[in-house]
Amino acid sequence: MDDDAEQQHLTAAPGYALGQLAKAFTTALTHEDADTRRRAEGRAQRWRAVLAGMAGGRLTIGSRTPVAGFPAWITPEVVRGGFATGAPGAGGPLQPYEIRLAERFGVPADRRALFAHCLTDTGLTWLWGRLNSGRYEVTVPEEGALLTMAWLVRHGETAAALDLVAELEPFAGQLRFLPRPSTGRPAPDDTDALHRRTVDDTVNRLVRRRPNPAVEAQREALAVWQPFGDELLAHWLETADGEGRQALELAPDAAWLVRGAALLSRYRLLAEEHTRCGKHRNPKCNLGILRGALEEAVAGRELDARRLGLLRHAVASMVRRRGLPGSPAHTELRRAQGVQAAIPSHHALAQVVLGRLATLPQESGIADLTPVLAPVSAPEERETGVPAGAQLPPAIGRVVEGALSGPVQVLVERGVVPSSEVLAELVPQLVAVTSARAYDDDALRTLMAANYRAFRNRRSLLLLNLERQVRIEELPWVRAVAAQRGDGSAEAALVLRQLGELAVQGFPGTILPNPLVRELGVLARQSGLGAPLVEELAADIFMDTFGPKFLVAAGIAGELLGGSLYERYYGIDYAAIGELAIAEAAGGSNRSRTSPGFARLCAERAGAASSAPVAGSKSGASQGSWVAENGKVIEQSQILTTHNLATLVHRVGIAPEPGWAELARRCFETVCRLAGRVHGNPRPYATIKDAAYAWRQLVFHLSLCPPVEQGRVLGGLDAETGRHPPQVAARLAPALAGLRLVVDGGGFGPDGTADGGRARRLLGWTTDGHWLASDPTGRAAKDS
């Protein structure tokens, strides 16, 4: 049996699932929080289902059809790591909306009965009403299936509708194919405005904010107890005489005692109402001493020598620290403290914002933040007691800004989208709109946009044997209306270019995360540009094979970078890669879904070759070593393909506005920041890997600059290292020396070093310890 045939039988081992079950079981038994225990019990139940399914043969983890009897299009319930539990995502008990619809339709509370009713004239009329109004929700793709059927019937596509019903019918009793009725319309399908959070999400975040106990205790001390302490002090000073201000030098009279009793009565009322600050209850603090002595005096008891000494010491220290009550210094101090105490709390200001948000649509973002973030108005002061003119603190402003709705470029510029990972969360909204615009019919366009958004909530499966995730066009109801799509290639290409530019210029020091690559890949297929985008492969399940698109992407990189700094720095022969692509295409090896030549090249460049009889284990190697071996091979694939940068530049045509030199400089800022985190880090290798990825981006951007500009950028790198701790420059010195060596026409030896090791090629993965982890002060920084 050849290698390719043997790999087709690889499946995931149960060890990971057993470990997750053990963790969930332990949490469910031992955690102090009841809600956490309850959630852990649910996780444990799902992991038991995974293990039972694997043991019984119902689950094949690693396949794109992991559940026996379920076609690939059915949304599976997926837990951490991409393991399917065997349950369908659109299954389970009837949802409340299904029960209500069964009552309304006069049919049994049963999914098959609901399905059958929707094939009648009455049911179709109800579905057409939903299509017309847009008042429905699709939370899993299956919930859009019967709406699509109804659209086909209404437009005379009876044969397509019958074919769709025939494909859905075997699962009609298990899955919910009806949409969820809604009082609002789905998200607009004609806007490029995106939002990270809805108004409702923002409201929930603000509601969860509680007053800060320490801040509120300090506010109470300033507003209540210090003024009351001043009154007690002034009362005792009436019994003092002379510069020593010794209390009880003068005998208190009856009027003094009456006023003292009134003070004590008011104290009890204050203590009952104001409970955040408890310092006044401490008999050893000044206020406690003054109050305790007054209680003795009002009760007619003579103060003993100890209490009298404490009283006089407290009075003297209070006068010495803050001055006499009513003196200019004391008055100014209390005025300033009163101003501080009067500043509204974050909690109070959050209540003002909640009132403003209550008037906005809850299921969308906020197009204009100005009125929401404005100072407190006079009407709001009358309603809430928060003083007019009070400014919202930045902490609340950041929460509200998370709901800003606008073009994705604006969200990145405003910092609402702080990383490429967050960008990947938002892009499906835009891709849904772009994909749906290819449909001419308004109702179908709205439905397909809602369906796409629901599809993107589908969790990815763990896949082996180079299988790919299910694509949206494989869903039967999407396939049924495929003929209704127009030519959306031009718009898809435009959006692809815009998003590619935004990702590269917004986050130049990080590689594109897989969820973003997936969305860009959808646009790339729709655009017809021939732009293969490759994912970052997981080192712990890598099986020494690559799909054909990796070699195609490397060939595109060669078209752009042949003879460039990038090719020389990484020691690539792009001409040979082009010949390899021609040879594999002529040999028809693409039919096996692998590129053995590309895999062999990556393994040779990494200096590592291994095979895995079972996914998740390699014979003869510890887990750490074989994962690192895999990582080295995967890194070489990323180097050869530039991990999508060359494809975006050469095929998609991105041209980031800051220019390649500026992007290279920003990449180096990321490298320096990450190198600083290596110092003193007991586990530095993940950080080193990220630094090497940022360095690769730097070399790519620099390679697109003319030689004069390359020299200018290199000249400024030392200044950047000077803005960081000294060890950063020391750690990066070999990498900088190696880059300058190649720019000047030199090169590395076979081991990636030059000049006796003083110049080095910076890579991320290693099995032998990394030179960047060595402390420049001489202390070894070992990964444990």
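Is Thr148 buried or exposed? Thr148 is buried, with a relative accessible area of 0%. Buried means under 20% relative accessible area, exposed means over 50%, and partly exposed lies in between (1.4 Å probe, protein chains only).

Before moving on, note that this is a predicted model, where local features need pLDDT of at least 70 and side-chain atom pairs count only at pLDDT 80 or more, while totals for chains, interfaces and linings use all residues. Residues are numbered from 1 along each chain as its sequence is written, and side-chain values use heavy atoms, with hydrogens and water left out.

**Stop 1: around Thr148**

Select helix H7, residues 145-154; Thr148 sits in this helix. Helices (H or I, at least four residues) and strands (E, at least two) are DSSP runs, numbered from the N terminus. Now show the neighbours of Thr148. Leaving aside residues up to four places away in sequence, Thr148 touches Leu164, Leu447, Met448, Trp477 and Val481. Touching, or contact, means heavy atoms within 4.5 Å.

**Stop 2**

Axes are lines fitted to C-alpha atoms, for helices over the stretch in contact, and angles run from 0 to 180 degrees between N-to-C directions. The cut-offs: under 35 degrees is roughly parallel, over 145 roughly antiparallel, 65 to 115 roughly perpendicular, and the rest oblique.

H19 passes H20 in a right-handed crossing. A crossing is right-handed if the near helix is turned clockwise from the far one by less than a right angle, and left-handed if anticlockwise. Show the side chains: Pro428, Val431, Ala432, Ser435 and Ala436 of H19 meet Arg445, Met448, Ala449, Tyr452 and Arg453 of H20. This contact of H19 with H20 divides into seven nonpolar, one polar and two charged residues. Here Ala, Val, Leu, Ile, Met, Phe, Trp, Tyr, Cys and Pro count as nonpolar, Asp, Glu, Lys and Arg as charged, and the others, Gly among them, as polar.

**Stop 3: H10 and H12**

Select helix H10 (residues 213-237) and helix H12 (residues 286-298). Their axes come within 10 Å and cross at roughly 50 degrees. H10 and H12 are therefore oblique to each other. H10 passes H12 in a left-handed crossing. From H10, the contact includes Trp225 and Trp236; from H12, it includes Leu290 and Arg291. The contact of H10 with H12 has nine nonpolar residues, two polar and one charged.

**Stop 4: aromatic rings**

Rings of Phe, Tyr and Trp (its six-membered ring) pair if their centres lie within 6.5 Å; planes under 30 degrees apart count as stacked, over 60 as edge-to-face and the rest as tilted. The count comes to 22 aromatic pairs. Select Tyr16 and Phe83, a stacked pair at 5.4 Å centre to centre, with 20 degrees between the planes. Tyr16 is in helix H2 (residues 15-30) and Phe83 in strand S2 (residues 83-88), 67 residues apart. Tyr16 is partly exposed at 35%, whereas Phe83 is buried at 3%.

Next, select Tyr566, Tyr569, Tyr570, Trp660, Phe700 and Phe748, which form one aromatic cluster.

**Stop 5: positive phi**

Most residues other than glycine have a negative phi. Select Asp544, where phi is positive, about 65 degrees. Asp544 lies in the loop between helix H23 (514-527) and helix H24 (548-561). Finish at Asp755, with phi near 55 degrees, in the loop between strand S7 (753-754) and strand S8 (759-760).
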